[in-house]
Amino acid sequence: MTMTTAIEVRGLRKDFPVREKGILGPRTLKRAVDGLDLDIPRGRVTGLLGLNGAGKTTTIKILATLLRPSAGTVRIDGLDAVADARAVRRRINLIAGGERMVYTRMTGRENLWYFGQLYDVPKADLRRRTGELLDLVGLSGAADTMVERYSRGMTQRLAIARGLVNRPDYLLLDEPTLGLDAPIARDLRRVVADLAAHDGTGVLLTSHYLAEVEELCGHVYVISAGRHLAQGSPAELKAATGSHRTVRLTVTDPTERTRAAADAFGATRETLPDGGELITLRHPGDMAGPLTAAVFEAGGSIGGLEIAEASLEDAILTLAERGEAGLAGPGSGRPDATTIRPGAATAPPEAATAPPEAATVPPGAGTAPSEAAAAGVKGGTP
Amino acid sequence: MPIAWATAWRTWQMTRRAYPWTYAVGTVLPAALTIALAHLGFHVIGGGAVGDDFAAGSGTTAYLAYIVVGTTAFHFAVRLILWSAKALITEQRQGTLGALLIAPAGRLPYLLGFTGFAVLSSVLEFLTLGLVVAALGITVPVSSVPGALLGALALIAAVFALSVGLGGLMIAAGEAHISQNTVFIMLGLVGGFTFPRDYLPEPVRWFAELLPTTSAMDVLHGSFTGGQSLPELLPRLAVCAALTCAHLFLGLTCLPRAEARAVERTY
C-alpha cells in the first residue's frame, strides 16, 4: 500500500435498501452512488457537482465516515475510511449547510468548547482557537449568547466554526453557504480559499451556487445518478460542453444584407417592437467583434451590444442532460464519462476566430465528434 | 475522561436551561404515589399483614419497606434509561447526531458522561422521596450498608448496560416511545422490583435472570429488607457484574451498526 496525501476514492458504490409499500413490503436496493472515482489532493478546492439526487451528499457522507460504502474504497492519506474510521475522523470535518450540527441550548463559545473536547484539542489551543474561530465567522459579539437566540445565518456560521475546530486536513463542504447573507458567504469563500492555499487543506465542495464553485474550485467532478460524467477545471468544462458565450446585438435599421450577415454566423434573429432586430449568437469563441463588424459592414446601425460569458451552470446542465440521455439510451448501462485534459479550456485560437461556417454548429452540439475532439474531450471512464 | 466530563457538564447546562427545577416534581410524584397507594392498600385491604407466600418469596414481612426500596429503584432505573438510552436519539432529533458521529471521540465515554449527569440529577430528585416515606411513617431497615451501596452501583451499571443496546435500537428504528415503554413494562413485571419473582411463571423467571437488573435488585432487597450480609450478597453481585459486562459488550458491538442504520434511514 502506498502512502498518499490525498483522499482517494475508487469504485465507490452505495446502495440503500428501500421498501416501496409499508414496512412489510418487498425490499429493494436503490443505488445512490455507482462506481465513483475521485481524487481530492491537499491544497486544492475540488468541486462535486450534479443536479438534485445526483449522489453528492451521499458521497460526502461516505467520505465523512457517516455512511459505509456498499463497494469500493475510500482512502484518506492512505487510511481506510471504514477500517481506520477513528484515525480518519481526526483528519477530516464536515460542514453541511442543510443541517444544524450545533446545540441550541448552549452558547456559541460553549459549543466550540464541547466539540473541541470531542476532537481532543489541547486545552490551551482550544481557548485560543475558539476565539479565533468566533472572530472568523463574525460571532465574537454573540459568543456568550445561546444559539437558540441566533438567526439562521448566525447558526450556520457557528456550524462553520465547528467544522474548523480540529483544523482538519480535509474539509468536506456540503452546501456551506446555504442561507448565508452575501457578505458572510463571501467571507467564507475567502476562508476556504485561504485554507487550501496557505494551510494546504484539501477541500471538497458541493454547492448550488455555481459562481461559488467557479470562484473556488481548481477541479470539478460532475456526477449524475451517482455516476461520473465529467471532470476538469470550470473553464475546461465550459469549453468542452460547448457552453457558449452569448452575444446580443441590436440592429436599429435591419436590412436583407444585415440579416444575411447574421445568418452567415448562424445567429438567430428576433424583430423588436420598435422595428429593430435583436441578433443572438451563442458560440464558444469570442465572436462579438467579427459579428459586429460583419453587420456594420453590411450597412447596419448598432443600437446595442451585450456579451454574456458562458456559465458553469450551462455546462452542468448540458452534462446532466447528456448523462440522463445516456442513462435512458438503449443498452447504455453507464453514460460515457468525460475527462477534460488540462489546457483544453484554452481552446485553440482558431476556434475563437473561427470562420462563420464553424459558427453554424448549433448550440448543444457538443457531443459531435469533431467538436469533442477539438475541445479535448476524451470518451471513457476517467 | 475529558469527554465524559465534558458531556456531563454540557448536559447539565442544557437541562438546567431547558427545564425549571419544578420539573423534578413530575419525576418524583409517580414514585411517591406508588408508595402512598401501597401504604393505603397494605393497611386498608391487607390489614397491615402480608401473606406467607410474600414473606417466603421476599424474605421479609416488612412489605412497605420492600415497596419503598423497589419503587425507588424502579423509578430511578426508568429515569436513567430515559436519559442514557435516549441520548443518541435526542441528538438525532436536534440535528446534532452527524456532528457527534464524525468526531473521533469514543461512544463509551460520551454515554458515561450522560449517565453520570443522569445519576447525579436523579439522586437529588429521589432524595426528596425520603420526605414522603418519613411522612407515612415507614421505616426501612438496612442489614448491610456496603451491600446497599454496592447494590445501588450494580443497579446503575446494569441499567447503563441495558441503555446502550436500547439506545442503539432507538436510533436504528428512529423511534423511542414503543421501545422505552416496552422495556419499562418488562422491567416492572419481571425485574423483581416491587414483588417477589416467585409469583411469576417459571419461563418468565428464567428470562428475568438474563437481565442484570434482576440480580442487582436481589442485592438491594437483600441488603435492606432481606437481612443478608455482604458475603451472602456477593454471588448475586457477581452474576450482576457478569451480565452487565455481557450486555455492555453486546450493546457497544451493535452500536456502530445502529448508528450507520440511523444515518442511512435519513439519507
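Helices here are DSSP runs of H or I with at least four residues, numbered from the N terminus. With that in mind, and remembering that this is a predicted model, select helix 4 of chain A, residues 123-136, where Glu132(A) and Arg128(A) sit four residues apart, about one turn of the helix. Their side chains meet in a salt bridge, 3.4 Å from N to O; Glu132(A) is partly exposed at 39% relative accessible area, and Arg128(A) is partly exposed at 42%.

Next, stay in chain A and select Arg13(A), Asp15(A), Arg31(A), Asp34(A) and Arg227(A), which are linked in a network of salt bridges.

Now turn to chain B and select Glu259(B) with Arg107(B), a salt bridge whose closest N and O atoms are 2.5 Å apart. Glu259(B) belongs to helix 13 and Arg107(B) to helix 7 of chain B, so the pair ties together parts that are 152 residues apart in sequence. Both residues are buried.

Finally, display the interface, where 28 residues of chain B are in contact with 31 residues of chain A and the buried area is about 2,900 Å², with 66% from carbon and sulfur atoms. Two salt bridges cross this interface, and one to select is Arg17(B) with Glu110(A), at 2.8 Å between the closest N and O atoms. On the side of chain B that touches chain A, helix 1 gives the largest share, nine residues.

Note on methods: Residues are numbered from 1 along each chain as its sequence is written. Chains are lettered from A and ligands numbered from 1 in the order in which they are written. This is a predicted model: local features need pLDDT of at least 70, side-chain atom pairs count only at pLDDT 80 or more; totals for chains, interfaces and linings use all residues. Side-chain values use heavy atoms; hydrogens and water are left out. Contact means heavy atoms within 4.5 Å. Buried area is the accessible area (1.4 Å probe) that two parts lose on being put together, summed over both. A salt bridge is a side-chain nitrogen of Lys or Arg within 4 Å of a carboxyl oxygen of Asp or Glu. Helices (H or I, at least four residues) and strands (E, at least two) are DSSP runs, numbered from the N terminus. Buried means under 20% relative accessible area, exposed over 50%, partly exposed in between (1.4 Å probe, protein chains only).
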